[in-house]
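This briefing gathers selected local features of the structure shown below. Topics are grouped so that each may be checked against the coordinates.

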Amino acid sequence: MATSFWNVAATFTFVKLLLIPSYHSTDFEVHRNWLAVTHSLPMNKWYYEKTSEWTLDYPPFFALFEFVLSHFARAFDPNMLIVKNLNYASPATVVFQRLSVIVTDFVYIFAVKEFCFHCLKPARRGSGSDVFTHPSFILAVLLMGNFGLLIVDHIHFQYNGFLFGVMLLSIVRIYQGRNLEGALYFATLLNFKHIYVYIAPAYFMYLLRNYCFKSSKKDGSVIWTSFSFLHFARLGTIVVLIFGLSFGPYISMGQLPQVLSRLFPFKRGLCHAYWAPNFWALYNVADKAASIKGLHSGFLSQSNHTNQASMTGGLVQEFQHAVLPSIAPVVTLILTVLSIIPAVVHHWRYPNGPRGFLRCLILCAFASFVFGWHVHEKAILMIIIPLSLLALEKKRDAQVFLVLSTTGHLSLFPLLFTQAETPIKICLMLMYTIYAFITVSGLFRIPSGRLRLPLLTKLESLYVIGLLALEIYCSLLHSVLGLQQFYPFIPLLLTSVYCAVGVIYCWLMFYWLTLTEKYVESNVKLE
Amino acid sequence: MEGGLMHLFLVVLGATLLRWCVSLNSYSGAQTPPIYGDYEAQRHWMEITYNLPITEWYVNTTNNDLLYWGLDYPPLTAYHSWLCGAVASVVNSTWVSLWDSRGTESYTHKLFMRSTVIVADLLVYIPAVIVYFTLTRKLTSTRDRLLTSLVVLLYPGIVLIDHGHFQYNCISLGFTVWAVIALEWGHDLLGSVAFCLALNYKQMELYHAMPFFCYLLGSSFRTKTENRFFKLAKIGLVVIMTFALCWLPFLYDKDLALQLLQRLFPFARGIYEDKVANVWCSLAVVIKLKQLLSLDSVIRLCLCTTLAALLPSSLDLLLRPTVERLKLALVNSSLVFFLFSFQVHEKSILIATLPVCLLLHERPFECMWFLLVATFSMFPLLIKDGLVLPYIGTTLLFYTLMVSSLDMGPVAIYLPGSGTTESPSKQWTPSLKAVMFWSSMLGCVGLSVASLTIMPPTSLPDLFPVLISVYSCGHFLLFTLYFHWWQLSCDVEPSKSEVKSRTTQKSNTKKKRL
């Protein structure tokens with residue numbers, strides 16, 4: 001099994017090598033700039049430098065990460081390390097940056113290996129000695145070959161593989177009962193990229209309930225007297241230590257407000273240029289529909305409407321809704337918190353071990369995706385990847401996973417809009433989806449029925465097949481029909497609205513599955 | 001869902017994905033005016049065939065300057081170019097406008113050209129390989145069949161030249177595979193047609209002609225079900241008809257046909273062009289034949305040695321015509337041509353790699369070794385085309401998939417990643433085969449790294465290409481001996497299953513007739 005695991009890892013690494021010449025987005029320049037900033041400036045200037053518009057807006061550990069990388073970068077092409085060399089992308093620079101993503105992905109590969117070998121409790125063992133139907137093998141392919149990670153990291157350009165590696169590692173350690181290590185990794189992760197703060201409530205609740213309180217009653221309710229101050233102190237020390245290491249230097253330099261202002265820029269709009277498929281996409285469309293209706297019946301003036309059109313043009317900006325009330329950041333925050341509360345409370349009442357924790361984590365990620373402020377479509381990976389870990393264990397989870405991964409991955413399509421990469425994204429997406437459906441349903445021994453995809457209900461099947469129709473319309477029919485000129489935003493709008501329906505459906509479904517799960521004592525037993 | 005349609009779809013998608021990834025890279029002659037490379041040659045042929053009347057395609061006229069990438073492939077290539085040209089003119093007519101379009105290069109044009117190769121590949125080569133391995137009797141499970149076809153479809157050599165460098169080898173090679181499939185299933189006539197199509201797409205397929213000829217002749221003489229001469233006559237007629245159809249527009253005029261022939265076999269070009277891993281080029285390190293002998297005697301020398309070396313495998317096949325031997329004879333014949341014939345391109349090694357790919361499941365280790373060296377022998381060309389990165393990626397990918405999905409036999413424990421043997425505790429005294437393989441690979445890696453990093457001395461600018469040629473040539477000579485030995489030592493009688501399937505097929509067709 002170990003050999004075939006490394007073969008899968010090698011295969012995907014070599015596929016990533018082949019993607020080196022593909023298109024890269026402005027994020028490539030963002031990271032090049034950070035390499036230059038951290039390499040050629042002293043630490044106290046890192047968060048003040050603004051030659052490039054892509055200022056450093058990740059936490060200090062990520063800056064250090066770039067600083068370390070920059071020393072290797074010098075061997076490839078020292079010119080990429082000059083701050084003034086904006087948009088510098090020599091062949092050596094491209095190869096170096098791509099390789100840095102591929103190499104740091106080994107953190108992710110290692111974490112996947114740890115999970116597959118130590119944490120997976122599959123619904124069914126594979127048939128005999130056949131490696132290809134072995135659940136660990138299937139999960140390894142699903143995680144390492146994740147469509148979203150491949151295109152976001154290795155085409156679009158980001159370091160999510162590395163970051164998700166740290167996240168997975170912390171999940172693995174929690175599965176193994178090594179709670180302190182889990183906390184350590186998660187605290188580190190937060191200091192690499194602060195977006196993971198959205199899943200912090202799950203960590204907080206799990207560690208409080210299962211580590212600080214040492215035992216539960218038979219029905220799962222808490223024994224208040226079992227609180228361990230020692231455990232609490234240990235946890236606190238680790239977290240304070242990590243944050244101290246990260247932010248300490250800036251606090252001592254008196255730069256903390258500046259760093260924080262870089263990390264949390266609230267000047268961005270409710271939605272990203274391309275709307276992530278979440279609640280706000282539906283809200284915007286509802287507003288749009290209402291405003292058109294209003295315009296027809298004379299409630300609204302023309303000036304309101306022109307404002308409306310600019311929103312759909314795809315610029316990042318604050319904008320006023322025409323009919324429905326405009327949304328302030330604090331509203332999204334309140335909604336997010338409100339929708340997390342049931343999950344966290346349920347986890348307190350029924351602490352179903354590491355799996356309960358993972359469900360809580362996924363629900364936190366869901367809530368922040370559905371209601372968050374200025375959510376990127378890429379954030380869907382924060383749900384899909386942890387959900388993959390559950391997909392081979394329970395049938396209903398597998399069902400949610402198949403619908404959500406297909407929907408979520410399709411919603412990433414607009415990220416790659418260049419013609420040369422279109423066949424790549426289509427091939428990869430189809431391969432991932434077909435592989436997922438074949439292997440996951442094969443594991444549960446569920447064949448596809450008439451008019452029905454395996455594991456899915458008829459309605460869900462219809463929805464998933466509808467995604468195919470949607471994509472055909474958006475990438476082909478729309479321009480063939482000549483609508484591209486008049487309504488250029490329609491394909492993006494349709495994609496985010498259609499996918500939003502699927503994402504919210506999966507969220508509610510997964511919520512229901514989690515809340516109806518009662519306390520099972522054996523779950524708490526650690527691996 | 002074992003063996004379902006979806007698995008097949010996955011294989012096709014995987015093959016397409018790899019091809020498209022390679023096609024993102026540079027191509028032959030990118031941004032190198034005034035003469036460019038194969039990419040411009042193919043585009044120019046689209047321009048010529050689309051704009052000029054068919055009688056002018058192969059002739060030097062005021063509108064057709066044969067010195068600038070004149071058409072020198074057989075008619076099927078010309079028709080294919082015409083078709084692509086017609087599509088191009090619909091998409092963007094400036095790509096094929098006469099004279100003005102020379103040296104056209106753009107993002108969208110590259111996309112267009114790349115897609116024409118992918119389409120050709122999807123229509124001819126990819127289905128041929130999948131059908132071939134699906135019908136292979138030696139592979140028992142559907143998964144093994146699909147996995148083997150995937151590995152073969154991911155073979156870097158053909159992919160890098162077609163989708164990187166830019167050529168349409170997938171069509172001629174694909175037709176050859178279809179011919180082998182047809183012969184394997186006893187349809188000698190269909191097989192002949194398919195091979196004639198291959199030959200009429202690219203004259204280099206002549207490397208494969210001798211084995212096909214010997215097999216058909218030999219099996220006609222051994223046939224028991226029908227009149228031998230009648231069968232031979234049928235095959236002859238079909239071959240002539242196919243050729244006549246392909247050449248039809250050029251047959252009205254004797255001069256035109258002769259001109260076409262002259263275009264196809266330009267003996268005036270010299271014994272070899274760039275550094276090629278064949279005998280003559282390697283010999284040139286010691287003796288410069290070009291200077292010692294006249295062109296005529298060089299041609300005669302090449303002809304004699306090629307024919308002499310061709311004899312053993314051809315005679316063997318003629319006397320004992322089985323499809324198994326046919327495949328081996330295809331390897332041997334193409335290797336002999338590559339090593340000894342006149343005017344060889346480094347890319348011509350692909351013609352030898354094709355039948356080796358078809359034998360991959362028989363002896364995976366030896367075939368893999370040959371295939372890896374064959375890709376390596378084209379390394380200087382790949383450097384020139386800017387394809388080093390995809391070369392590394394595809395080769396590593398091919399190796400990984402190869403060792404993890406095929407049974408490498410006793411050598412497996414010395415191949416990292418080999419999935420068949422889980423317990424490496426056995427014999428740790430390395431086998432001779434493994435030592436030879438790894439030292440051979442070490443040489444390839446060493447030469448590759450050296451040619452990328454070390455500047456050759458100014459007195460020997462071609463040092464590394466020559467070294468790579470000689471190194472690969474040595475391998476090819478040994479592999480020629482090996483494949484000859486394999487061919488001569490394999491079973492005399494066709495395996496029982498083959499006889500059975502052939503007879504059942506015959507009886508089936510008889511039943512249908514009744």
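A cavity is a set of grid points where a 1.4 Å probe fits but cannot get out. Rolling a probe the size of a water molecule over the atoms shows where empty space is left. In this predicted model, a search of the whole structure finds 6 cavities of 30 Å³ or more.

**Second largest cavity**

- The second largest cavity holds about 60 Å³ of space.
- Its lining includes A:Ala343, A:His346, A:His347 and A:Tyr350, and also A:Asn352, A:Gly356, A:Arg359, A:Cys360 and A:Leu363; A:Thr514 and A:Glu517 belong to the lining as well.
- Helix H14 (329-349) and helix H15 (353-371) of chain A each contribute at least two residues to this lining.
- H15(A) provides the largest share, with 4 residues.
- Sorted by class, the lining of the second largest cavity comprises 4 nonpolar, 5 polar and 2 charged residues.

**Confidence in chain A**

- The average pLDDT of chain A is 89, and 93% of the residues score at least 70.

**Helix H6 of chain A**

- Helix H6 of chain A spans residues 147-157 and is mostly covered, with 11 of its 11 residues buried.
- Among these buried residues are A:Phe147, A:Leu149, A:Leu150, A:Ile151 and A:Val152, and the list also includes A:Asp153, A:His154 and A:His156.
- The N-terminal end of H6(A) is capped by A:Asn146, a side-chain oxygen of which lies 2.8 Å from the backbone nitrogen of A:Gly148.

**Backbone geometry in loops**

- In chain A, A:Leu455 lies in the loop between helix H18 (422-443) and helix H19 (458-480).
- The phi angle of A:Leu455 is near 75 degrees, a positive value in a residue other than glycine.
- A:Leu455 counts as buried because its relative accessibility is 8%, and the cut-off for buried is under 20%.
- In chain B, B:Gln31 is found in the loop between H1 and H2, and its phi is near 50 degrees, again a positive value in a residue other than glycine.
- B:Gln31 has a relative accessibility of 65% and therefore counts as exposed, a class that requires over 50%.
- The loop between helix H1 (5-23) and helix H2 (38-51) of chain B also contains B:Pro34.
- B:Pro33 and B:Pro34 are joined by a cis peptide bond, with omega about 5 degrees.

**Helical residues of chain B**

- B:Arg325 is placed in helix H15 (residues 323-340) of chain B.
- With a relative accessible area of 0%, B:Arg325 is buried.
- The side chains of B:Arg325 and B:Asp316 are joined by a polar contact of 2.8 Å.
- B:Ala309 is placed in helix H14 (residues 295-319) of chain B.
- Leaving aside residues up to four places away in sequence, B:Ala309 touches B:Val336, B:Phe340 and B:His484.
- B:Ala309 and B:Ala284 are 25 residues apart in sequence, and their C-alpha atoms are 20 Å apart in space.

Note on methods
Residues are numbered from 1 along each chain as its sequence is written. Chains are lettered from A and ligands numbered from 1 in the order in which they are written. This is a predicted model: local features need pLDDT of at least 70, side-chain atom pairs count only at pLDDT 80 or more; totals for chains, interfaces and linings use all residues. Side-chain values use heavy atoms; hydrogens and water are left out. Buried means under 20% relative accessible area, exposed over 50%, partly exposed in between (1.4 Å probe, protein chains only). A polar contact is a pair of N or O atoms within 3.5 Å; within protein, one must be able to donate a hydrogen and the other to accept it, and residues adjacent in sequence count only if both atoms are side-chain atoms. pLDDT is the predictor's confidence in each residue, from 0 to 100. On a 1 Å grid over the protein atoms alone, a cavity is a set of points where a 1.4 Å probe fits but cannot get out, and a pocket is an open set with protein on both sides within 12 Å along at least five of seven lines; lining residues have an atom within 4 Å of a point. Grid points are joined across faces, edges and corners, and a volume is the space filled by probe spheres set on the points. Ala, Val, Leu, Ile, Met, Phe, Trp, Tyr, Cys and Pro count as nonpolar, Asp, Glu, Lys and Arg as charged, and the others, Gly among them, as polar. Contact means heavy atoms within 4.5 Å.
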